[in-house]
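I opened this notebook to record what I looked up in the structure. The entries follow in the order of my reading.

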Amino acid sequence: MPNKTKYAPLPPIDNTVDFVVGGTDIPKPKRGRKRNKNKKQYFTPDTDRAIKEYLASSNQDERDHIFSTRIHYAFYKLAENLIHTFKFYYTEVDDLEDLKHEVICFLLEKLDYFKPERGSKAFSYFSIVGKNYLILYNNNNYKKKKQKVGLEAADEDDGVLRSLGRDGRKQEIKDFIDYLTEYIDKHMFTMFKKEKDRRVCDAINILFKRRENLEIFNKKALYIYIREMTDVDTPVITKVTKKLKSVYKTLWIEFDDKGYVKI
């Protein structure tokens with residue numbers, strides 16, 4: 001029988017419920033029931049402080065102590081929630097505790113890549129890193145399963161794959177667009193030397209910022225809207241849009257890999 005807690009660390013002594021940064025093991029409340037606000041959170045301000053202290057230290061013993069006493073539990077609960085929330089159940093191991101352990105090891109490897117001084121939030125960063133690792137892991141194991149048992153048998157439960165990335169995807173895209181608009185604001189004069197190009201760029205950036213209130217979903221209608229905002233011809237809009245599309249792709253690769261964009 002699998003040991004459900006063989007890698008489970010103890011919660012930090014000062015892991016309080018006040019002023020929570022993010023992360024919770026609280027299930028979504030059932031309809032008609034209120035969420036219990038007294039449930040304990042696992043990613044706290046002390047977790048953020050501990051990560052900063054870990055990164056600032058060059059003493060391996062000190063780093064090991066900080067990780068084991070103040071970070072390990074948050075990573076364990078994050079791995080657990082990612083696995084169950086997104087149903088990453090295509091695994092090579094018999095015990096999900098072993099999969100949690102693999103995720104924790106991967107997050108530990110990526111700790112030194114996290115740059116809190118750039119304004120990134122630890123919970124968001126490690127959630128994205130952990131989820132991307134599990135998506136790749138899950139997809140690879142799904143392919144192996146298809147090779148062993150055949151496509152039809154494997155696809156009986158491929159709803160798991162269809163659900164990957166759906167939950168939480170909106171927030172991830174929102175975070176990226178926020179980075180994108182900030183990046184465009186800062187680098188607009190570097191990207192576009194002509195004043196009319198900058199007008200178009202600024203108009204498109206405004207649309208990104210107001211995206212939640214937009215009711216225009218047709219490409220042609222958007223072009224007309226931008227043209228009315230800027231009083232420039234369509235070829236100029238097309239040129240600027242092409243440039244911004246390239247910037248978008250480059251920044252998305254950075255965001256997908258690191259969980260933030262260097263502004």
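Leaving aside its neighbours within four places in sequence, with which residues is Ile71 in contact? I noted that the model is predicted, and in it I found Ile71 in contact with Ala50, Ile51, Tyr54 and Ile66.

**Core.** I next looked up the largest nonpolar core, which has 58 residues. Ile71 is among those with the most contacts inside it, as are Ile51, Phe75, Phe126, Val200, Val240 and Leu244. Helix H2 (residues 60-85) gives the most to this core, namely 11 residues.

**H2 and H3.** I then examined how H2 packs with helix H3 (residues 96-109): the angle is about 120° and the axes are 9 Å apart. The two helices are therefore oblique to each other. I recorded their crossing as right-handed. On the H2 side the contact includes Phe67, Phe75, Tyr76 and Ile83, and on the H3 side Leu96, Leu99, Val103 and Leu107.

**H8 and H10.** I turned to helix H8 (residues 195-209) and helix H10 (residues 234-258), whose axes come within 9 Å and cross at roughly 60°. H8 is therefore oblique to H10. The crossing of H8 with H10 is right-handed. I listed Lys196, Asp197, Val200, Cys201 and Ile204 of H8 as meeting Val236, Ile237, Lys239, Val240, Thr241 and Leu244 of H10. The residues of that contact divide into seven nonpolar, one polar and three charged.

Conventions:
Residues are numbered from 1 along each chain as its sequence is written. This is a predicted model: local features need pLDDT of at least 70, side-chain atom pairs count only at pLDDT 80 or more; totals for chains, interfaces and linings use all residues. Side-chain values use heavy atoms; hydrogens and water are left out. A nonpolar core is a set of buried Ala, Val, Leu, Ile, Met, Phe, Trp, Tyr and Cys residues joined through side-chain atoms within 4.5 Å. Buried means under 20% relative accessible area, exposed over 50%, partly exposed in between (1.4 Å probe, protein chains only). Helices (H or I, at least four residues) and strands (E, at least two) are DSSP runs, numbered from the N terminus. Contact means heavy atoms within 4.5 Å. Axes are lines fitted to C-alpha atoms, for helices over the stretch in contact, and angles run from 0 to 180 degrees between N-to-C directions. Angles under 35 degrees count as roughly parallel, over 145 as roughly antiparallel, 65 to 115 as roughly perpendicular and the rest as oblique. A crossing is left-handed if the near helix is turned anticlockwise from the far one by less than a right angle, and right-handed if clockwise. Ala, Val, Leu, Ile, Met, Phe, Trp, Tyr, Cys and Pro count as nonpolar, Asp, Glu, Lys and Arg as charged, and the others, Gly among them, as polar.
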